[in-house]
Amino acid sequence: MFFPYAADVSLERPPIANWLLIAITAAVSGLLIAAGDFGPFVLQREGGSAGGILLYAFAHGGVLHLAGNLWFLWLFGNGVNARLGHPGYVALYAGAAVVGGLAWLVFSAGTGMVGASAAIMGVAGAFLVLYPQNSIRAIWLGWRGCLTEEVRGFWLVFLYVAFDVLALVLDSSSQVAHVAHVGGFLAGAGAALLLVLTGVLGPREGERNLIDVFRNDAPVRLGPPAVETPIEFPTARSYGPRLRRGALRSRPFQWNPVVTLFSAGVFAVPVFVYVAPDVTGAATAETLLALFLAIVALLFVWLQWGDRI
């Protein structure tokens, strides 16, 4: 079990917009779940309201659906909100929700959709662009017991997106709106890339965005250079939950090709079991090809840029 719980990101301002989005989504979803009637908060192919293209992101099918989405919105959203500001963050969130909804309407055969997953994947896409090398702290439950791990934000978001893409290839008729997730991610990542490339989001001291990483540019240092003593950067403020020190053993999380292959194999198991149960008995050529390409893509990214990210 791998459970991420906090992002190591310095916050320029309190992420009030993200907190409000979490609170509003929790309140609206709770009321709708209690009432049992989602009304205009369902994105429907036929008979739905025009506002459904955005309102669906504030409704959820159950408590677990709601809790999971809001947890990841907290994880990725605080840092993105602090970087973009409140109006920009709300615009990014709403835009990703709309693009994800449109992608679902165009490419999916479903009859109705609710949930903030597309909008949150847009936020995760922006996080990947802005903070690819920042650590995500997570709890790992495995054969070595309970550990705290640190994994780069790039790898965590990359694996989530890879799961959605692979699920689309294996079973496009899944009840999970994977196509909306991918659409929201592309919208959020594209918007963040545009802001970085146009200079709207300038460099931050001691950090590198995705463009800097692939150009192999050094972290930016603002102000006069240090002469005798090194500059000590302030410790990042954390607005996420914390564990007591000493409660868990901790060690750095290191990626290598062997771990990557193993992770890809473990990653494929739930896809076969839950996403495409009809191919667990006899895998088709398309399924084998999709799994092969996913593993090759993962290895390519590692071997090409693993020393940078």
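Reply: A quick definition to start: a crossing is left-handed if the near helix is turned anticlockwise from the far one by less than a right angle, and right-handed if clockwise. This is a predicted model, so local features need pLDDT of at least 70 and side-chain atom pairs pLDDT 80 or more, while totals for chains, interfaces and linings use all residues. Numbering runs from 1 along each chain as its sequence is written, and side-chain values use heavy atoms, with hydrogens and water left out.

With that in hand, α5 (residues 117-130) passes α6 (residues 153-170) in a left-handed crossing (helices are DSSP runs of H or I, at least four residues, and strands are E runs of at least two, numbered from the N terminus). Their axes come within 9 Å and cross at roughly 140 degrees (lines fitted to C-alpha atoms over the stretch in contact, angles running from 0 to 180 degrees between N-to-C directions). That makes the pair oblique (under 35 degrees is roughly parallel, over 145 roughly antiparallel, 65 to 115 roughly perpendicular, the rest oblique). On the α5 side, M121, A124, F127 and L128 make the contact; α6 brings G153, F154, V157, F158, Y160, V161 and D164 (contact means heavy atoms within 4.5 Å). By class that's 9 nonpolar, 1 polar and 1 charged (Ala, Val, Leu, Ile, Met, Phe, Trp, Tyr, Cys and Pro are nonpolar, Asp, Glu, Lys and Arg charged, the others, Gly among them, polar).

Next, α3 passes α4 in a right-handed crossing, with axes coming within 7 Å at roughly 130 degrees, so these two are oblique as well. Here L73, G77, V80, N81 and L84 of α3 meet H86, G88, Y89, L92 and Y93 of α4, which splits into 6 nonpolar, 4 polar and no charged.

Helix α4 (residues 86-107) also packs on α1 (residues 16-35), at about 45 degrees with the axes 8 Å apart, so this pair is oblique too. I16, A17, N18, L21 and T25 of α1 touch H86, Y89, V90 and Y93 of α4: 6 nonpolar, 3 polar and no charged.

Finally, the whole structure has 1 salt bridge (a Lys or Arg side-chain nitrogen within 4 Å of an Asp or Glu carboxyl oxygen). E12 and R83 form it, at 3.9 Å from N to O. E12 sits in the loop between β1 (2-7) and α1 and R83 in α3 (residues 63-84), so the pair ties together parts 71 residues apart in sequence.
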